[in-house]
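Q: I have a model open and want to learn how to read its features. Where do we begin?

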Amino acid sequence: MTLPPSPVIDALQSASKKMADRHTPFIFDDWYVAAFSDEVSSQLLARTLLGRGIVMYRSAAGKVVALEDRCPHRSMPLSVGALQDDHIVCAYHGMRFNTQGDCVHVPSQSTCPKSMGVRTYVTFERGPLIWIWMGPPESADWSRLPEQAWLTTEQWATSHGYMHLKASYVRLHENLLDLTHLSFLHAKSFGTPDYASAAYKTEIKPGHFVVMRDVVPTTLPPVWAEPTGIKGQGQAARIVRSAFLSPAIHEVSVSFYDCTLPEKERPTFRIRTAHLPTPETATSTHYFVVHGRDFAQADSAMTQFMHEQLFVAFNEDVTGLAQQEAALARTPTNELYEFSVGADGPSVAMRRYLLSRALSTL
Ligand SMILES: [Fe+2]
């Protein structure tokens, strides 16, 4: 008999209710990645962010414009219209909207109805990313914009990519704070068998959830062994810090060195990955990733190699999380329960934080 007795199930379900999941409302008062900079041009780009339809484009002056993607006349998506002289012309009745979202022309009459317009969103472009404040423009809190200096300095060579994830962004954050899965879900890519059982430390404070692991000695998988040249069995140190920084960003920082060399003689190779989940719907997520390294910055072949290898691994998460979401969806709510184990401490705390943030703005 492996089914828990009903009091245990009740307790597990009660614990789960204190954590964010796919039913939890989105957190609007924060910055999220809306797009990569190279995605936004003079073509209209439609994207659903936190359940809201948004249309984006770049004005003639180069500024990113983000507007509600719904004509206030008869609800035609503005993104299927045309861009003319920085104005969106609705495909249905030709009404025009400027970069401020104001209606500036109605073809069938000489004036626009008073106050007719669409909602605008505050955006901020930095390095490869376009951030969007999903709350009201007047509440945009610049102190919440994640500081990511390494994304814009020449000290770091970066590449970026996008995956569409058929799972809640909450589960992606959970995945990133639970790196014991590297030994299993990523057994064929960047995981190693010793990773799951390596000792770890945590930092848990409101809005700040970190897991640190020193895997020493270990053997590096090819994605790291090739670029660093640390290819021997048990030759490497793999020092990992995995940090939730906001609902929109989780940063993984890793240092590698040859642990067979004396401390003063060994170079340290550092890599970083910004995992940038932006909810699309309750059960789908725009998964933006920027990866960087602070060595061999000019080696474009190395950039290409690492990018391809990494995205094989990240796609293992995308596949696994979608399978997990499907299993959740087909389980009747009254029969659904999940056990947590010790390594879930940071992710449980993070999910409680997300729930408190979501409920505080309702
Ligand atoms: Fe993973």
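Predicted model: local features only at pLDDT ≥ 70, side-chain atom pairs only at ≥ 80, totals over all residues.

A: Begin with a term. Helices and strands here are DSSP runs, numbered from the N terminus; a helix has at least four residues, a strand at least two.

Q: Is L50 buried or exposed?

A: Count the C-beta neighbours. A residue is buried at 20 or more within 10 Å, and exposed at 12 or fewer. L50 has 21 inside 10 Å, so L50 counts as buried.

Q: Which way does S115 fall, buried or exposed?

A: S115 is exposed, because 8 other C-beta atoms lie within 10 Å. S115 sits in the loop between β8 (103-105) and β9 (122-126). Its phi is positive too, near 70°.

Q: Where does T333 lie?

A: The loop between α4 and α5 holds T333. With 8 other C-beta atoms within 10 Å, T333 is exposed. T333 and D30 are 303 residues apart along the chain, and 30 Å separate their C-alpha atoms.

Q: What is the peptide bond from V216 to P217, cis or trans?

A: That bond is cis, with omega near -10°. P217 belongs to strand β13 (residues 208-218).

Q: Now the wider view. Which domains does the assignment give?

A: The assignment gives domain 1 (31-140) and domain 2 (147-360). Their centres, taken over C-alpha atoms, are 34 Å apart. Each domain puts twelve residues into the contact.

Q: Which strand supplies the largest share of the side of domain 1 that touches domain 2?

A: β1 does, with four residues. Both β1 (31-36) and β2 (45-49) supply at least two residues of that side. By class, the side of domain 1 that touches domain 2 has eight nonpolar residues, three polar and one charged.

Q: How many residues of helix α2 are buried?

A: Nine of the nine, across residues 169-177, so α2 is largely enclosed by the rest of the structure. Among the buried residues are Y169, R171 and E174.

Q: How do I read the way α2 and α4 pack, and which residues meet?

A: Think of faces before pairs. An α-helix has 3.6 residues a turn, so residues three or four places apart point the same way. Here, R171, L172 and N175 in α2 meet D317, L321, Q324 and E325 in α4. The contact of α2 with α4 has two nonpolar, two polar and three charged residues.

Then look at the axes. Those of α2 and α4 (residues 300-329) come within 11 Å and cross at roughly 125°. That makes α2 oblique to α4. The crossing is right-handed.

Q: What about α2 and α5: at what angle do they cross?

A: The axes of α2 and α5 (residues 345-360) cross at roughly 150° and come within 9 Å. Angles over 145 degrees count as roughly antiparallel. The two helices α2 and α5 are therefore roughly antiparallel to each other. Their crossing is right-handed.

On the α2 side, V170, H173, E174 and L177 make the contact; α5 brings P346, S347, M350, R351 and L354. The contact of α2 with α5 divides into five nonpolar, two polar and two charged residues.

Key: Residues numbered from 1 in each chain as written. Domains from an automatic or database assignment. Contact = placed C-beta atoms within 7 Å. Nonpolar A, V, L, I, M, F, W, Y, C, P; charged D, E, K, R; others polar. Axes fitted to C-alpha atoms, helices over the stretch in contact; angles between N-to-C directions. Parallel < 35°, antiparallel > 145°, perpendicular 65-115°, else oblique. Left-handed = near helix turned anticlockwise from the far one by under 90°.
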